[in-house]
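I opened the file and made notes as I went. Each entry says what I looked up and what I found.

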Amino acid sequence: MRTRATTTMLAAVLLLALTACSSSDDDGTDAAPTGTPSTPAAGSATTTSATPAETPADAAELERAVRAYTAAYFADKPDTTYGMLSARCEERITPEAMAALTERAVGDYGRQDVQRFRIDQLSGEMARVSYGVGLPKFDQKQQPWVREDGAWKYDAC
C-alpha cells in the first residue's frame, strides 16, 4: 500500500513538472516571436525583446541562465537543473523528480539547445521569457524566472 501511494505521489509530481516544461499554448502552432529586436547574444539569431530590459547586462544574464537551464535539462544533468530552480520550485519539485524528468527528456528527445529566445518582461527581480528548442511540445511562452541571491532561477512550477 505504501509503495502504491509513493508511486502515485511521484507520478503526480512528474506530471506537474512535465506540465511546467510544456507549452501553455494548446493550438500547437509555433508562433513567430513578436516585439522589438534586441542585441542578439552569441549564437542567438532570433533574440527579441517585447519590453526593454533594465540593462543589457540584465538581459544577457537572464538569457544565459535560460540557455544553461535548457541545455542541462536536455543533457540529463539533474543536479544542475535542480540548482537553477527558485526556492519556491524547490519546495514543489524533489531532486528525484528532477532526475526522472531530465533522464526522460534526453532519452526521448536527445540534446536540445535554445533556438529562439525573447524577453517578454523584465522588471527588477522578475522576468518572463518565451523560447523554443525546435520541438513545439517544449515551446515556452511567458515563462516566469526570478532573480534570487543575484542569479536567475526557473520559477515555472
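**Entry 1: a hairpin.** I began with strands S3 and S4, which form a hairpin with 2 residues between them. In the turn I looked up Gly124, which has a positive phi of about 65 degrees. This is a predicted model, so I take the angle as a computed value. S3 covers residues 116-123 and S4 residues 126-132; the two run antiparallel and are joined by 7 bridges. Across the pair, I found Val129 of S4 opposite Ile119. I also checked how covered S3 is: 6 of its 8 residues are buried.

**Entry 2: helix H2.** H2 takes in residues 56-73. I wanted to check its length against its residue count. With 18 residues at 1.5 Å a residue, H2 should span 26 Å, and its end C-alpha atoms are 26 Å apart, so the two values agree. I then listed buried residues in H2; among them are Leu62, Val66, Tyr69 and Tyr73.

I stopped at Glu63. Is Glu63 buried or exposed? Its relative accessible area is 4%, and the cut-off for buried is under 20%, so Glu63 is buried. Its side chain makes a polar contact of 2.9 Å with the side chain of Arg67. I noted a general point here: an α-helix has 3.6 residues a turn, so residues three or four places apart point the same way.

**Entry 3: the disulfide.** I searched for disulfides and found 1 in the structure. Cys89 and Cys157 form the link, with their sulfur atoms 2.1 Å apart. The pair joins distant parts of the chain, 68 residues apart: Cys89 is in helix H4 (residues 87-92), and Cys157 is in the segment after strand S6 (151-154). The angle about the S-S bond is -95 degrees, and the link is left-handed. I looked up the accessibility of both ends. Cys89 is buried at 0% relative accessible area. Cys157 has 18%, which is under the 20% limit, so Cys157 counts as buried as well.

**Entry 4: Leu85.** I looked next at the loop between helix H3 (78-83) and H4, where Leu85 lies. Leu85 has 1% relative accessibility and counts as buried. Which residues is Leu85 in contact with, leaving aside its neighbours within four places in sequence? I found Tyr69, Glu90, Ile93, Met98, Lys153 and Tyr154.

Definitions and conventions: Residues are numbered from 1 along each chain as its sequence is written. This is a predicted model: local features need pLDDT of at least 70, side-chain atom pairs count only at pLDDT 80 or more; totals for chains, interfaces and linings use all residues. Side-chain values use heavy atoms; hydrogens and water are left out. Buried means under 20% relative accessible area, exposed over 50%, partly exposed in between (1.4 Å probe, protein chains only). Helices (H or I, at least four residues) and strands (E, at least two) are DSSP runs, numbered from the N terminus. Two strands pair if DSSP finds at least two bridges between them. A polar contact is a pair of N or O atoms within 3.5 Å; within protein, one must be able to donate a hydrogen and the other to accept it, and residues adjacent in sequence count only if both atoms are side-chain atoms. The expected span of a helix is 1.5 Å times one less than its number of residues. A disulfide is a pair of cysteine sulfur atoms within 2.5 Å. Contact means heavy atoms within 4.5 Å.
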